[in-house]
Amino acid sequence: MLITSLQNPRIREIVRLRQGRKRRQTGKVLIDGQREVCRALRSGFPVREIYACPELMSDEAHAWMAKLPDLFEVTPDVFRKIAYGEREDGVLAVADSQEKTLDEVLDELPTDRPPLLGVLEGVEKPGNIGAILRSADGAGFSALIVADPKTDLFNPNTIRASLGTIFSVPVCTASAMEVRHALRQRGITMYAAIVDGAEHYTHADFTGPSAVILGSEAWGLTEAFRGEGIHPIFLPMLGIADSLNVSTTAAILFYEALRQRNGDSTQ
């Protein structure tokens, strides 16, 4: 089916899905980009509609899109109307939101190795969540939990910044206290990144069941992730800045956990 009109009802509905409120009301997700749509399909994410503009697609995209039975073809003008942001690689999908609960994610953790979790509390920027998902995927983390989220989990900017890894890393949201209680009940050691933490991050033991917890750049972690049962760790800061970008901090800590689990004892 070829869509040429900017006033087509499907196109107008996609434009409305740029608004977070509309996505929450409809339970729909926008997936923008060839790589991201491909990874969503491969993971079994419930993609309902795919819109493609042949003039903007790469040769690789043409090859794999030709295998899809149901596809809406659109003109360049129409695609630019629905594309989220400035990137135009000619592929966009609409999917049903498929957010798991905290218990579902924890119940489905792999049993062949100790679980290794990332926890983000109150992180505001979708781009940071997406970047942290990439690090979680690369470092082999079991899941990422977003506590008290300040943005919808499947924000198109999160999906884009994650390069589609949001479809490969189990992810969910819950309140901070629910997360703390659930991790404690399951015997998962909680390491919280805090500027004035007591323990250097390389001295933490991530080889057992562990959760790496990070807070927002503006406010850090709340009292929900302080006190008894929480191990505060820090990254040394030798300049005038007192902290790193949260996604940079996550990458350092996640790969430290991977280093330890690979048996590298170098400090």
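This report describes the sheet, the nonpolar cores and the charged side chains of a predicted model.

**Sheet and packing helix**

Five strands form an open sheet in the order β1-β4-β3-β5-β2, and their pairing is mixed. Ile50 has Ala93 of β5 opposite to it.

**Nonpolar cores**

In soluble globular proteins, nonpolar side chains tend to be buried together. In this model the largest nonpolar core comprises 48 residues. Those with the most contacts inside this core are Ile31, Phe141, Phe154, Phe167, Leu214, Leu253 and Phe254. Helix α10 (residues 246-261) supplies the largest share of the core, five residues. When neighbours within four places in sequence are left aside, the contacts of Phe254 are Gly118, Ile132, Ser135, Ala136, Ala139, Phe141, Val212 and Leu214. Another core, of 25 residues, lies apart from the largest one and includes Val105, Leu183, Ile188 and Ala192.

**Salt bridges**

Side chains of opposite charge can pair when their charged atoms come close.

| Arg10 | Glu49 | 2.8 Å |

Since Glu49 belongs to strand β3 and Arg10 to helix α1, their pair ties together parts that are 39 residues apart in sequence. Glu49 is partly exposed at 22% relative accessibility, and Arg10 is partly exposed at 34%. Lys100 is likewise partly exposed, with a relative accessibility of 34%. In the remaining tabulated pair, Arg113 is partly exposed at 38%, whereas Asp112 is exposed at 64%. Salt bridges with shared partners also join Lys28, Arg48 and Asp96 into one network.

**A buried arginine without a salt bridge**

Arg180 lies in helix α9 (residues 176-185). Arg180 is buried yet forms no salt bridge. Glu228, the nearest side chain of opposite charge, is 6.3 Å away, and a salt bridge requires the nitrogen and carboxyl oxygen to be within 4 Å. Not counting residues up to four places away in sequence, Arg180 touches Met190, Glu223, Ala224, Phe225, Arg226, Gly227, Glu228 and Ile230.

Terms used: Residues are numbered from 1 along each chain as its sequence is written. This is a predicted model: local features need pLDDT of at least 70, side-chain atom pairs count only at pLDDT 80 or more; totals for chains, interfaces and linings use all residues. Side-chain values use heavy atoms; hydrogens and water are left out. Two strands pair if DSSP finds at least two bridges between them. Helices (H or I, at least four residues) and strands (E, at least two) are DSSP runs, numbered from the N terminus. Buried means under 20% relative accessible area, exposed over 50%, partly exposed in between (1.4 Å probe, protein chains only). Lys and Arg count as positive and Asp and Glu as negative; His and the chain ends are not counted. Contact means heavy atoms within 4.5 Å. A nonpolar core is a set of buried Ala, Val, Leu, Ile, Met, Phe, Trp, Tyr and Cys residues joined through side-chain atoms within 4.5 Å.
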